[in-house]
Every structure is written in C-alpha cells, then in structure tokens.
Amino acid sequence: MSNASNALAGAAAGVQVTTSSGQPGSEADIRIRGFGSVNASSAPLYVVDGAVYTGRISDIAQQDIADISVLKDAAATALYGSSAGNGVILITTKRNAGQAGQPHFTFSTSQGFSVRGLPEYDKIGTMDHYKVRWQQWYNTLRYDERNKNKTDEELGTIAALQTYQALKYNPYSGIDSYYRKDANGVYHLSKGGPAKGAYPGILLPTGELNPEINGLLYGDDLDWYNAFYRTGHRGEYTLSGGLRTDKLQSYLSLNYLDERGFMIESGYKRYNLRANLSYDIRPWLTLGTNLGLTHSRSEGPRSLGGTSANGAHFSQTVAPIYPIHVHDPLTGAYVLDDRGNRIYDHSVTRPYRKNYNTIELAYLDHNESLRDALMGRAHLDIKPIDGLKLSLQVAYDQTNSRSKVRYNNKTGDNPQGMLEMSVGRGTTLTFTQLANYNKKVGKDHDFEVLMGHESYDLENFGMSGSKEFLKFIVIDELSNYTKVRSVNSNTDVYRKESYFGRFNYNYSDRYNLSLAYRRDASSRFHKNSRWGNFWAVGAGWNINSEKFMKNVAWVNRLKLRGSYGQTGNDGLSGYYPYQTTYSSSNNLDEPGLRVANVGNTDLTWETQITSDVALEFGLFDRIDGTIEVFNKESKDLLFEYELATSTGVGSIDRNIGKIRNYGLELELGAKILRIGDFSWSLRANATWLRNKIVKLPDLNREEGIIVGTKKYMEGHSLYDYFVYEYLGVDPADGKAMYRLDREKNPDEPGLEATGERATYTKNGEKARKHYAGSSIPDVYGGFSTNFRYKDIGLNFVFAYQIGGKSYDGLYQSMMSRDLTSGTAMHPDLYRAWRKPGQVTDVPRLDADPQNFSTMTSDRWLISSTALALKSISMTYDLPKHFAKKLGVDGVGLTFAAENLFILSKRRGLNPFSGYTGVHGTVGYAAARTFTTTLNVTF
C-alpha cells in the first residue's frame, strides 16, 4: 500500500475506511464501530510507539511500520480513557533488524505509475448536446398556454434560436444556412453566410442537427479530461536495517518518495529518517529512543472544494462543445498570441464558468505546502525487583509548516492577482510514568498491576497573510504584491492530565479478568467540570482449556469474552468552549469587539458506554474466526442550544444529546488447500452496523434538526435521508409527481379526486418530505485470498458494502435544466419524456422554473452497494542459494496494483468516498497505481 492508513480498508471488521482523494500524500478517513458524535470528532485516536499522535500518518514511511492494530472493545480502549471513545489505532514502528551479532540491512526500490482510478460520469456527446438541450426550450414553449395556436415549426425555430443564445458556441463545421429575420421580424432558416443579426443554423426547427454539418471545427480541442489528467509516476527508495546484540536493539532507515500525481501540476516529495534504539545498560536498566524526521513538499490544484476553479469538476461538467483554447469561430483555426502560442479560452461570454479555464489555472496558479515533522520517543525502564518495571516515557512531536497559494492576474477568482501565505508550528509533549508489576502465585494464578500518570501538552501557532495586485508572476513573495488584504495569527494551548490503572488476572489459562480505570482532566472544560472518570471491566473464558474439551480434537480454540466500560471524547471544534470568546470588528474606523461564542462552564465530556460479547474459535486446524456483538451509546453529546434573540448570540453549546451504535461483527479465516508446496487461504469480515439518535435537545424533539439531505430525529439515524418523495412521471404531460403534504396543505387538491393519485402533486412547493433510507450500508467489510507456491505468492484484497443509499447530486445536476450555464448532460436524458402517453422514468426537460423535476428528492438516491478490488500483489523470493551466489542474503520482487476497479450502481460513482453518502462536487479521485518493488537484503 502506498499509504499506511489505506491498509485498513476491508482488513478488519467494524472499521470503515473512505479514500476520497488521490492527491499524493493524502490519507484515508477512518471510523470504528459507527459514529459516536454529532458535532465533535468521530475520528479514532492514533497512538504511535506508545504515545498519542496528532500528526499525519503519511509522515511515517510504510516500510518503517511493524504493526497496525485496531482497538475496539471497552476493555482494550479503556486505558486511553478520554480520547478513546471513537476507538484506537495503534501503530508500532520497527525496533530491531537482522540476526543477533551482525548488521542486517535491506535496500528497497519501488517504481510505478498511477492513473485516475474512477471513470467520469458518462456525458452526452458533442453531436447530441445541442439536440437534447433544444428539448427544454421547445417544451417550455409548447406547453405554454399562450402558444397553443402556434405551429411546431414556429416554436421549434424559436427553441433553436434560444438554444444557440444560451450555449453561444458553435463547434460544428459545414454550416451554410443561418436564421435571419424577415420583414415581419420572424426568423427563417436560409442559405447564405454569416451576417449581423443572423444566427448559425445549427438546429432545424425539428430539433435535429442541420444536415449541412460535416464535422467539428475544433474536435481535437474538446477533450478536457486528457488535458487535465495524465499518467502519474511514483518512485520510492528505502535503506533500512540495524544491529541486534544481547544488549542492543537498533533499527535505522532512510526513505525518499517522489510521486507525481495523475492530475497536472500535482505531486508529493517526502524525505524520512528514522532511528530506533534500545540498549540494556544493566540487566535492570534499559534506555531507548525512537526518532523520526520527515520533510515533505506537496503541490496540488489551488481549489478542489469549489466548482469554478476546480479542474476535476470542470472536466466532468463542462458541456462537450466548449474548447480548451480560443478558435476562429468560422474556420476553427487556433488563435495564437504574439509568440505563436495557443491562447486558452477563458472568455467572459462563454456560459460555462465565465473567466475560468482550469487547464490554464493549473499552470498560472500555484499551491505549495512544505512540512517538517519530528517524532520523538524516549523511555527509561528500571527493574528494581523481580516482576516490577518502572518506566519513564517522554514523547515530543513537532510540525512546522508553510504554504503558499498564488492566484494569477490574468483570469480566475482574483484578476488583480493575489498571494496567500501561512506558517504554522504545532507541538505536543507527553510525559508518562508507569509502574507495572507481574506476579505468578503457584501454578495457576497470574497477576498484573499497572499504575500510571500522564500529562499531555499541545501548542499550535499559526500566522497567515495575503496581499493582492501582482507585479511579477514569477516571484511568490508578499513583497511582490502591493496591497495588504489580510493578516491574522492565532495561538492555541490544550492540556490534559491523567491518572490510570489496570488489573489483570489469569487463572490457569482458563479464566481472565481485566479491570481498568482512568481519570482525565481537559483544559477544554471549566475547572469544576474538567475531570472525567472512565473505566472498563472485561472477562474471558478459554473454553477449550477445560477438561471436558480435552478429547474434542477438532476444536483448536474456543474463547468467550466480554467487556463493559466507559470512554470519553473531548474532540470539540475549539479549544475554549467553556469560555466566552470575542471577535474583533470595526465600526467605520473605530475598533470594536463582539461576542463570538457564549461560554458554558457546565460543558463536559461526551462519554461512550460500550459493551461487547465475542466468541473466538478455531476448528479443524483450518478455520478460525470471531463473532462479536457490540453496543456503544454516546451520551452528553454537544449540541447548539438556541438563545433568545435579545442576547445578540444565536446559541450556546450544551451537553444534551445521546446516540447509539450497535451491531454484529464477523471475521473468518480458512486454510482452504495445502498440497505439497502449494497453499491457498482466505480471510473475510463483515459488519452489520445500526445507528440511532436516542435523545435530542428539548427544542428539537418535535421538529428535529434538518441538516442538508438529513433530518436528526429521535429514533432515526444520523444518516437517514429526509427528502421529497418522488412518485414518477405523469405520462400525460411529462411532469414530475410528488407526494402531497396534506398536513401543511389541507385544501390543496391532488391530481385526482380519489385513489392513490389524490395524494399526488406536481407543485414542488406543496410536496412532502419523508425518510427515504440511510447512507449507512446494511453490511460492509472485506475479504482477501492468498495463493502461494514455493517462493511465489499472490494476494487479492477486496472491500465491499451491501445496501445503503447514496445521494447523487452530481447526477442530479447533469439531469437538470440549464438556462445559461453550459453544463454537461447525462445520457439518461435520452429517456426524457417527449410526447403525451409516453411512459418513462425521466420527466420532460423544461426551462420553466415551476417544473420542479429536479428538486431535492429521493429520485436522486441510488444503491450504495459496491465492490472494490483494493489491491493485487504478486511476490517472488529468489531461492537463498541463488541469492548467496550474488553476495546477498535475499532478493525479493513484488508486483502490486491498487484500486483496480469499483463496481457500483452507476458508472463513475464511488460509494466508498464518504460517510454522508452525498456526492456532488468532483474532487481528486482515488488513484489506480501499478508498482514494481525490488528488495535486496544483505
């Protein structure tokens, strides 16, 4: 895997991984056992080499990671207390290498390429775009009562003119007929060249293309996709290894990664140095340190969140009649500048994204980020008596960042030119003191007691500034701009103090008991509400260790375990929610302050109460697995509580919500076949997750809280859709039909006096919203299979989800009317209604704003069922005796491919890209990569 966070996709039950971006250096987003909060973070806690880590996982070289573990149940997460409410991901870096007594190193080099891993949505092509768009103008005219006495030819002619006036560009060659006015001011199509007041006869009054058209004026310049995307390249080089003796364990590595993204002007470079050392000074004294240094540079598109300057969205939604460059409107020839270069088309007369050309912006604008990251861990272990270990651990992480964003002065958002610069410095310092005592009493009793204290100190500093009116584009410094636009800085401080303990007891490897307690204080809360108590109890029964299982040979392992406990979450959006804060504002030239946030001294932890019961088993020396039932209830959730208008502040944060996540997890593994040197194994996991809002603020219980396409309501999920109920197309007139909201419109008549259609309406303003499914899949997980023959291995990893729904806002926009935007259309519009009596599922295209055919409704919901082939890898290890002849200890070769395909209900749709299920703006799609890796060990 090119990124460590992506390695968890489909790998463990209860873990959802979304990879919405293929930007080099980007990371996956992870959720463990659902969504534990509404307004606070639902992201898991990351712990790297024993200490909380808030940096980027991409700063850690994949080759330096020894193990990634996911902690989900109450007993496992309780020791992390206040931060573990959303689960814990443990990352352990490598600590030793090679055989004892001699150095052992591995050189690894990877070379590969990447392409866009997801196709774009299908679009109606250039030769049909005018014809389909004509339909909306014609229908508007034809079904206007004022035009009932006009002929189809009259209205078709007007529609042809309106279509051209809306789209403005003529990409077609061979046209020799133009629409001209006669003496009565009526347009007719006639032969003759262009003239003032004449419009090219692209369309006939019937809506068909003019048969004079014999091709395209600039057909070679309409491919925005291939102009914006390219084949990326990825090269990585690692030298790692170390020396291990009876007293020393060491691991050293150097890593360099250079990745050119598949989107033009995007890339990522990273330099890594890691040194992990541990030395036994005395049999009772050990000193160790883990040190990682990272320098990275990232370049990418200036904007991927919006639409106008977003090249990915531009490429998908631009109508296929608009060229990349400026052309002669009659001959189609490229228009060149004084140097003979082609001129990019960013005309203010082009309907689609006036004044923007994202290919041009990619080269004129600039977005660059530099990061220097230090990850330091040190520990001192003392063993004064048998069984007792005293540890002092110090963790220090530091990140220094700098970014520059340049807006050119030729086109785009800021035609005067602008430069934004920001610098930041973030540090975390963690001190941990541990006392761990192990004692065995007799043959059957094992005890472990852990006690500890931890202090955590975070400081973030940021400063940003921007100036506008560019002098020289080649100098990206603020001194090259004339007018200050903004200057800001901020400093945040966050502290945590923790005391914790754990007691483990094991009886004869049959029964085990675990008790954990942690008391945390967070600076996010007032001193009277600062402390939280978190605890857990867990127990296990190794059934196969019982005497009555002694002769059951086909059962290799059988364990029943369970846990119950409480963890916390203080991951709020700000660091000072209990304090009243102010923002500065000016009254003309006089400075002033206004209340930005009303503090709440009673605000406290969001807490999660988790319970789980699991059965682990191994059968026939071939099958192993786990079945686990879990329940996680989050209470005291943070919500905005509305205040009276007279206060001057809209709301105050309070702990007044409750959410429940519950479900079933299944993990299975099987050694399917083993014949001689050939083996075949399979692993699979599945999670059935349900999410329910248990309690809302009193003010919202009756009406709920509408958030976009969702409505928070007690008894429903955070991710239940609440949209208008679409009922299809009326064959009589092609209009969309919706469910009538009788409660709000008791006197509104339906489409018929009786029957089902008595509850129908075509007036979107009278329609009813309803709950229409959830974005949470019914079941999700992954499976992998591994084949091995002698020194050759082949592995496949899949991720899947079944059920759930996606709201396809992009498809909605491509199926909508378009008055003057020049937007692309989806081929499903070929099925749009055209004549009375026609039965179809696509309403008629209509420019009338009262048509309501594309309003937000369940029409745009589509199944989220999907299957993704996350990776294929084939490995070959050169036989040892051949490697020895080459003077090395081993040679390995790996061929790998990632994100080979996603099978979903609609071409171009990636249901794995987000938890909300809403798909609208196109971004940097996940990359499909192909990589060859050579490992040489010596």
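This note reviews the nonpolar cores, aromatic pairs and charge-over-ring contacts of the structure.

1. Basis. The model is predicted: local features need pLDDT of at least 70, side-chain atom pairs count only at pLDDT 80 or more, and totals for chains, interfaces and linings use all residues. Residues are numbered from 1 along each chain as its sequence is written, and side-chain values use heavy atoms, with hydrogens and water left out.

2. Main core. The largest nonpolar core has 68 residues, and those with the most contacts inside it are Tyr130, Tyr172, Ile202, Tyr322 and Leu829. Such a core is a set of buried Ala, Val, Leu, Ile, Met, Phe, Trp, Tyr and Cys residues joined through side-chain atoms within 4.5 Å; buried means under 20% relative accessible area, exposed over 50%, and partly exposed in between (1.4 Å probe, protein chains only). Among the elements that give two or more residues to this core are helices H2 (126-142) and H3 (152-167) and strands E33 (720-724) and E41 (861-863). H3 provides the largest share, seven residues. Helices (H or I, at least four residues) and strands (E, at least two) are DSSP runs, numbered from the N terminus.

3. Leu829 and the second core. Not counting residues up to four places away in sequence, Leu829 touches Ile124, Val132, Met814, Met815, Val842 and Leu845, where contact means heavy atoms within 4.5 Å. A second, separate core of 17 residues includes Ile32, Tyr53, Ile89 and Met375.

4. Aromatic pairs. The count comes to 32 aromatic pairs. Rings of Phe, Tyr and Trp (its six-membered ring) pair if their centres lie within 6.5 Å; planes under 30 degrees apart count as stacked, over 60 as edge-to-face and the rest as tilted. Tyr169 and Tyr322 form an edge-to-face pair, at 5.0 Å centre to centre and 80° between the planes. Tyr169 lies in the loop between H3 and strand E8 (172-173) and Tyr322 in the loop between H5 and H6, so this pair ties together parts that are 153 residues apart in sequence. Tyr169 counts as buried at 14% relative accessibility, as does Tyr322 at 0%.

5. A pair between strands. The ring centres of Tyr456 and Tyr494 are 6.0 Å apart with the planes at 75°, so the pair is edge-to-face. Tyr456 lies in strand E20 (residues 445-470) and Tyr494 in strand E21 (residues 481-507). Tyr456 is buried at 7% relative accessibility, and Tyr494 is buried at 6%.

6. Charges over rings. The charged end of Lys769 sits over the ring of Tyr724, 5.2 Å from its centre. The charged end of Arg859 sits over the ring of Tyr726, 5.6 Å from its centre. The criterion is NZ of Lys or CZ of Arg within 6 Å of the ring centre and within 35 degrees of the ring normal.
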